[in-house]
Amino acid sequence: MTDPRLEQYQNCFVTLDEIEALSDGNPLIDHLIMETHIIAFVAKPGVGKSAVLRHLAKQMALNGSRVQYLDVDSAPSQIKRNARDLITSGVSYAAPQIKRGASVADLVAGLTYYADCQEDMSDMVIIMDTTKKFMNMMSKDSIKEWFLLLRSIGCTVILAAHANKHLDADGNIVYEGTGDLESDCDDMLMLYAERDDLHGLQTISSYIHKARSADITPQSWRLDVNTMELTDCDYVDVRASEVPEKPLKSEIRNILLLGIVDANINEDGIMLNADARDLFMAEGHDKMAYSRARKKLVEDGMILVKADGKWIKKI
């Protein structure tokens with residue numbers, strides 16, 4: 001009798017027929033969506049992530065892919081506005097939140113079936129909007145289990161992922177969750193937007209955070225914010241509109257702080273440390289910037305900070 005552990009081990013080895021049956025990884029949408037890849041689209045709320053995914057879903061369905069859009073995030077009014085266009089384009093649209101007795105757990109059961117059925121699913125595209133309603137983005141184990149499941153299906157998977165409200169130090173958006181999402185997906189695309197209120201338009205552009213295919217390039221779309229219709233357009237780099245201004249250079253911070261002292265120091269040449277800090281922070285700088293500036297002014301002999309918290313500006 002063969003030990004089941006050996007059977008499990010031997011089951012991992014592939015045959016020539018199995019290799020021949022694998023997808024060649026053809027593009028479903030040129031320079032953007034590769035067949036059987038797991039792709040994460042990451043954006044802050046309001047950027048237009050779902051609008052982009054609906055647009056891509058319709059394109060892929062019209063091109064012959066079996067597209068399933070699992071929408072577990074939209075309100076009934078949004079579903080009424082958006083679902084008809086998807087369904088008439090050939091997209092299978094799931095929204096358990098408006099179906100009596102249905103839940104996300106039912107969708108999970110269906111995905112588990114696909115993983116176990118041993119059928120060729122390479123022509124299927126599953127869009128999960130939004131990812132955090134399916135998996136715990138803060139749990140390494142949850143993400144690991146989900147990616148094992150999705151890989152087992154053997155289809156193209158598109159994940160709608162949320163980004164944190166604040167950008168990082170370099171002005172880049174940061175997705176919510178552990179680093180496992182980035183490690184396990186094939187491609188991760190960050191979405192940025194620039195609003196044109198005068199014309200009621202919003203330009204949405206992708207930025208490649210990670211790509212396992214050299215064919216993937218940044219793309220742009222234009223959203224009519226009144227009709228929510230999305231169209232392709234030439235690429236526009238809109239990241240600059242979301243990148244905050246660079247912090248003041250150290251020497252400028254120091255000069256600014258010294259100027260605050262000059263403007264507020266009393267006739268005895270004395271100022272309280274706390275007052276200087278509060279005035280500096282009122283100019284939009286944080287405590288760390290204040291501490292660095294004060295330290296540099298002390299080192300340069302411009303000020304003296306006494307133990308009782310009083311400043312003396314040196315003449």
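This is a predicted model: local features need pLDDT of at least 70, side-chain atom pairs count only at pLDDT 80 or more; totals for chains, interfaces and linings use all residues.

Me: How many residues does α6 have, and what does it reach from its first C-alpha to its last?

Reply: Helix α6 covers residues 140–153, which is 14 residues. It reaches 20 Å, close to the 20 Å expected at 1.5 Å a residue.

Me: Which residues of α6 are buried?

Reply: Start with the general idea. An α-helix has 3.6 residues a turn, so residues three or four places apart point the same way. Now the case here. S142, I143, W146, F147, L149, L150 and I153 are buried. They cover an arc of only 160° around the axis, so they sit on the same side of α6.

Me: Which exposed residues does the face turned away from the buried side carry?

Reply: That face of α6 carries K140, D141, K144, E145 and L148.

Me: What do the buried residues of α6 pack against?

Reply: They pack against β3 (38–43), α5 (104–116), β6 (124–129), β7 (156–162) and α7 (180–184).

Me: What comes just after α6?

Reply: There G154 takes a positive phi of about 80°.

Me: Now the loop. Where does S65 lie, and is S65 buried or exposed?

Reply: S65 lies between α3 (49–62) and β4 (66–71). Buried means under 20% relative accessible area. S65 has 14%, so S65 is buried.

Me: Which residues is S65 in contact with, leaving aside neighbours within four places in sequence?

Reply: S65 is in contact with L28, M60, D123 and V125. S65 and G90 are 25 residues apart in sequence and 9.1 Å apart in space, C-alpha to C-alpha.

Definitions and conventions:
Residues are numbered from 1 along each chain as its sequence is written. Side-chain values use heavy atoms; hydrogens and water are left out. Helices (H or I, at least four residues) and strands (E, at least two) are DSSP runs, numbered from the N terminus. Buried means under 20% relative accessible area, exposed over 50%, partly exposed in between (1.4 Å probe, protein chains only). Contact means heavy atoms within 4.5 Å. The expected span of a helix is 1.5 Å times one less than its number of residues. The arc is that of the directions from the helix axis to the C-beta atoms.
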